[in-house]
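Q: Could you walk me through this model? I'd like to go from the overall picture to the details.

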Amino acid sequence: MPSLDQIPYDILYQIADFILIDSPQGPPETVFASLLVTSKAIHYATSVALKVLAFRAQFDTAAIRRRFPSSSTPSTFASELERRWRSLKRIRWAGSDPSLWGNEYTSQQIQNDLWQAFFLLLENDGKNWAQLVEWAQLRVYIRVFLQYDMIPACSNGELPQETEERSLAMWILWLLINDSGPGAGIEHDPELINIVIAIAFASYAYATEALPWYIFRIIDAMGISPLNHQVPRTLTPIPQYNRISSVSSYLMQPICISVPLISEAALHLYYGRSAQPQSSPSRLTISASEGDEDSMFSNSRRYDKEWFKLTSMWNPLSVQDMPRPGYRHVNGSVSGTYEGMFVLPEIGVSRSLAEGALPIPTFEEAFMTHHFQTWRFDENIFQRQNSSSYSHALLPGPALNAHLPEDIVILTRQDGLEVYSPQGGSYFYKKWPTNLDSNNIHATTASTEDMSPAGSQERVNVIITGQSIDYIQAPMRSNNMMPPLSTAKGTIRHDGQITLLATSADWGGKWLYIGRLYADGVWRGRWRALVDNLTGVAWEGLFELRPV
């Protein structure tokens, strides 16, 4: 029988691979102990290679190859294996004993481990879930963090100050719910629900976009302080806006990434508090992940937009010495039919908050009703058609008109929109093809090249038009402030923010819908009454529209 020294390396790797697959959860020390001590030659010749093998067997790499193509090297994977397991061991250890927090478990370790968990969930195709959630017990860890930090911060009925750690914890909680099976929501946790409601409801106290919603062109923002918001009371946290995080490197290369906004996580958690996904992505994608190949069922691909947004989008008003934000909208993403629920806050509660009343209302007190709306939207892309057309798209108009100029005339054609300006000339916006499968459109994620800065970021390159229609899946006899034949028009900012002005066909009232598309093509955001003071408190609510 030949010695192990004589066995080809590829066969040794297959042996190690089978051992790891047989018991994939937990640190790989037992595998190393059994393989690396068999021969000095093997130990010194293959230790890095075996770490790479262990990394590929225990963690997902498809998202890494998409987002960090230059970092998919043996030395990177070997180093990352050690770094990840240091963090995963701490997560499991800290989650088992709340008394460790703030003592043996330091604030710097908490911050590092929250970022590590956040990255692993954004890269999850099944293997990361097994190590992070099932072995390291991430759900327990996050609950301990909430008891240690978030809940005490709200004990006096005050809104919690936004911090890097709290934002990450709320996002991790949402990702855990979104990637779990039925019954994984927070509907049985009233204490946590009240925190989510408070943050989601108090949009005046938390930034809802990297760049304020009422600013369309970055050039128009220069000289405006992001802290000039009129907050209703001195105890309300000042909006932080997204800022560059404490993370400076990842996978052995420099990285610049923004802190995810806590208001977005709260919005997701509100609508996901009783989440009932059709299937569990963590289980669905394991077969694709075993081959470590991209697949139409790849869970991590759903979060590519979030990753590119955080690594190429920040508020130029508050972040100094940084390149111009580079994230942009992917054409065709909005076209299709949507249906969902709009949440209306109780007017008296909204008014009392604006006047500085305490404490923050509970879930039962804050909202008076839900409304269901169904819309069919068309996305129209600027295109120069002939010599009489302008060579550049429209300049933006007032925010209260969904950033469309007020004096234009829009004529609907079968293939798009003809837009006329009082200054003369015309603009043609071509309708996105309607013969495409809307599911494929919403599943599409732009590549790094697609999300590079556009040369015309300061103009209205996309005009959205829409009309409300009869319910498709919503409950019969549901409340609806926008009955069939109501209309909507609006724009998509270069960074993907969608702003629509909806006009009711029944009572003539107008609302602004402000939000963006997230994983699976779901459009979430806030509706807002038309109030001239753009930075002040207005009657606002939440909405979610899902493609149907």
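**A helical pair and its surroundings**

A: Glu306 and Lys309 are three residues apart in helix α15 (residues 304-312), so about one helical turn separates them. Helices here are DSSP runs of H or I with at least four residues, strands are runs of E with at least two, and both are numbered from the N terminus.

Q: What kind of model is this, and how are residues numbered?
A: It is a predicted model, in which local features need pLDDT of at least 70 and side-chain atom pairs count only at pLDDT 80 or more, while totals for chains, interfaces and linings use all residues. Residues are numbered from 1 along each chain as its sequence is written, and side-chain values use heavy atoms, with hydrogens and water left out.

Q: OK, back to Glu306 and Lys309: how do their side chains meet?
A: They form a salt bridge with an N to O distance of 3.5 Å, the term meaning a side-chain nitrogen of Lys or Arg within 4 Å of a carboxyl oxygen of Asp or Glu.

Q: Are Glu306 and Lys309 buried or exposed?
A: Both are buried, where buried means under 20% relative accessible area, exposed means over 50% and partly exposed lies in between (1.4 Å probe, protein chains only).

Q: How many salt bridges does the rule give?
A: The count comes to 19. One of them joins the side chains of Arg413 and Glu418 at 2.7 Å, N to O; Arg413 is partly exposed with a relative accessible area of 28%, whereas Glu418 is buried at 8%.

Q: Which parts of the chain does the pair Glu544 and Arg524 link?
A: The side chains of Glu544 and Arg524 meet in a salt bridge of 2.6 Å, N to O. This pair links distant parts of the chain, with Glu544 in strand β13 (residues 540-547) and Arg524 in strand β12 (residues 523-529), 20 residues apart. Both Glu544 and Arg524 are buried. Elsewhere, salt bridges that share partners join Glu80, Arg83, Arg84 and Glu123 into one network.

Q: Switching to the nonpolar side, which residues touch the most other members of the largest core?
A: Among its 104 residues, those are Phe118, Leu138, Tyr141, Ile142, Phe377, Tyr513 and Trp523. A nonpolar core is a set of buried Ala, Val, Leu, Ile, Met, Phe, Trp, Tyr and Cys residues joined through side-chain atoms within 4.5 Å.

Q: Which helix gives this core its largest share?
A: Helix α9 (residues 164-178) does, with 10 residues.

Q: And what does Trp523 touch?
A: Not counting residues up to four places away in sequence, the residues that Trp523 touches include Tyr338, Phe377, Tyr513, Phe543 and Glu544, a contact being heavy atoms within 4.5 Å.

Q: Let's turn to the backbone: where does Met252 sit, and what is its phi?
A: Met252 is in the loop between β1 (249-250) and β2 (253-254), and its phi is near 65 degrees, a positive value in a residue other than glycine. At 56% relative accessibility, Met252 counts as exposed.

Q: What about His403, buried or exposed?
A: His403 is buried, with a relative accessible area of 2%. This residue lies in the loop between β4 (367-382) and β5 (409-413), and has a positive phi of about 70 degrees although it is not a glycine.

Q: Finally, how many helices and strands are there?
A: The protein chain has 18 helices and 13 strands, and of its 548 residues 56% count as buried.
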